[in-house]
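Hi,

Here is the structure I said I would pass on to you.

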Amino acid sequence: MEQYDAVDRLHAEDRAQSVDFLAWWVERVLESDEPLRERMVLFWHGHLTSSLGIVKSSYEMVQQNQLFRRLGMGSFRELLHAIVHDPAMLLYLDNDSNRREHPTENFARELLELYTLGEGNYAEADVLEVARAFTGWNQLGGRFFLNPVRHDTEPKRVLGVEVQDGDDVVEVLLAQEACARHI
């Protein structure tokens with residue numbers, strides 16, 4: 001019974017942290033000396049979307065918000081590389097179940113369709129190849145973790161370009177004219 005009480009206490013503390021953080025963020029949006037930065041945090045949170053309801057950890061969500069605050073006014077290349085390593089995003093898009101024996105396409109499809117290129121600018125084969133490139137990309141304790149046992153090390157082809165991993169995929173996507181138009 002004590003074990004359940006401890007788990008309940010941890011969940012309650014996490015919920016309280018989420019509420020406190022959201023209150024802090026709303027206050028920053030309304031009263032910040034850098035209103036454009038806060039609007040960009042909100043923009044990127046809407047475009048590169050995730051959800052506390054699915055991530056289920058305020059720690060990862062606060063980290064992601066800080067990522068948007070730190071990089072949201074700069075290079076999209078840097079932001080995109082950071083978001084594909086982001087623990088909250090990896091959890092939100094089920095990449096924890098993406099392994100070489102059974103690639104999971106959720107992360108790949110969102111990256112292609114919603115975050116970078118938009119619908120109609122890639123083929124279904126590209127989705128599978130992007131999924132393979134991100135196999136083994138996970139998080140452990142709120143930090144990015146590449147599980148080499150789950151990662152597909154064979155070459156992949158995305159939009160006609162050979163890639164090895166997710167960082168290569170990001171560069172291929174950024175080189176597409178559709179990416180600039182979509183953003």
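**What I found**

Val 26 sits in helix α1, which covers residues 2-31; helices here are DSSP runs of H or I with at least four residues, strands are runs of E with at least two, and both are numbered from the N terminus. Before going on, keep in mind that this is a predicted model, where local features need pLDDT of at least 70, side-chain atom pairs count only at pLDDT 80 or more, and totals for chains, interfaces and linings use all residues. Residues are numbered from 1 along each chain as its sequence is written, and side-chain values use heavy atoms, with hydrogens and water left out.

Back to Val 26: its relative accessible area is 48%, so it counts as partly exposed. (Buried means under 20% relative accessible area, exposed means over 50%, and partly exposed is in between, with a 1.4 Å probe and protein chains only.) Together with Val 29 and Leu 30, Val 26 makes a nonpolar surface patch of about 280 Å². A patch takes residues with over 30% relative accessible area and no salt bridge, joining like charges within 9 Å and nonpolar side chains (Val, Leu, Ile, Met, Phe, Trp, Tyr) within 5 Å. The areas come from the Shrake-Rupley method with a 1.4 Å probe, and for residues only the protein chains shown count as cover.

Now for the inside. Which residues touch the most other members of the largest nonpolar core? They are Leu 111, Phe 134 and Val 169, out of 45 residues in that core. Such a core is a set of buried Ala, Val, Leu, Ile, Met, Phe, Trp, Tyr and Cys residues joined through side-chain atoms within 4.5 Å. Leaving out residues up to four places away in sequence, Val 169 touches Leu 111, Val 130, Ala 133, Phe 134, Val 158 and Val 163, where contact means heavy atoms within 4.5 Å. Val 169 is also among the buried residues of helix α9 (residues 166-174), along with Gly 166, Val 170, Val 172, Leu 173 and Leu 174.

Is Val 158 buried or exposed? It counts as buried, because its relative accessibility is 0%.

Leu 159 is in the loop between β3 and β4 (161-163). Leu 159 has a positive phi of about 55 degrees although it is not a glycine. Asp 94, in the loop between α6 (87-92) and α7 (106-116), is not a glycine either and has a positive phi of about 60 degrees.

Last, the charges. Side chains of opposite charge can pair when their charged atoms come close. The whole structure has 9 salt bridges, each being a side-chain nitrogen of Lys or Arg within 4 Å of a carboxyl oxygen of Asp or Glu. Here are some of them:

- Arg 37 pairs with Glu 34, with the closest N and O atoms 3.2 Å apart.
- Arg 100 pairs with Glu 101, with the closest N and O atoms 3.5 Å apart; Glu 101 counts as exposed, at 57% relative accessibility.
- Glu 105 and Arg 109 meet at 3.1 Å, N to O. Shared partners join Glu 105, Arg 109 and Glu 124 into one network.

Happy browsing!
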